[in-house]
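User: Hi! Could you walk me through this one? I'm new to reading structures.
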Amino acid sequence: MLLGLCASVAMAHPHVFVDATVKVLFNEKGLSGVENRWVYDEVYSMATIASVDADGDGKLSAKESDALRPVVFGEASKANYFNYIQCGSEFLKVEKISSFKASVKNRRLVLDFVLDFTVPVANDYTLLVLVVADPSNYVQVTTDMENAEASAPESIDVEYFSDSLEGLSLFKAFLSYVEGLYLRFKQK
């Protein structure tokens, strides 16, 4: 029993660390996506950059950036790219990545990408909760929800704030310190 407990504790700690920021995007039709910026820890960054930096210049060309995408998103793609949006009683599925750019800043790997989601605007408020985290805790994603942003046209009223996930059953697999971004939006 002690061996099983040790094994589960060993598997529960993070191996990769990411600092993330998000911006929720709207167009005239409603929610259109989530812009993500992920900044990886130095150890993971150095190893990953070295694996695709064919010319060894410490920078990522467009070709090297493209080669990096399946490396960093392999497992994350199976987990909705760690972007979970609760709409009603279910999580929305990522429709596609509409942009992706990898760069190196201060020896750290930086990914900028937009995940496309679609939630039409209505005359009454639509309520959503956004969480960017890895429920397995293999990748510890620390998301700065206090400074999250939303960008919407004048025709859509959007309100949002960050808070704990306590009491939300869809998020019970997430660690207790993970915060969500609570949004509501409607047609003006």
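Analyst: Happy to! Helices (H or I, at least four residues) and strands (E, at least two) are DSSP runs, numbered from the N terminus. The model is predicted, so local features need pLDDT of at least 70 and side-chain atom pairs pLDDT 80 or more, while totals for chains, interfaces and linings use all residues. Residues are numbered from 1 along each chain as its sequence is written, and side-chain values use heavy atoms, without hydrogens and water.

User: Which residues make the contact?
Analyst: Tyr44, Thr48 and Val52 come from α2, with Glu64, Ala67, Leu68, Val71 and Val72 from α3; contact means heavy atoms within 4.5 Å.

User: New topic: how much space lies in the largest pocket?
Analyst: About 270 Å³. On a 1 Å grid over the protein atoms alone, a pocket is an open set of points where a 1.4 Å probe fits, with protein on both sides within 12 Å along at least five of seven lines; lining residues have an atom within 4 Å of a point.

User: And which residues are closest to its centre?
Analyst: Of the 15 lining residues, those are Glu75, Ala76, Phe82, Tyr138 and Val139.

User: Which element gives the most to that lining?
Analyst: α3, with five residues.

Conventions: Grid points are joined across faces, edges and corners, and a volume is the space filled by probe spheres set on the points.
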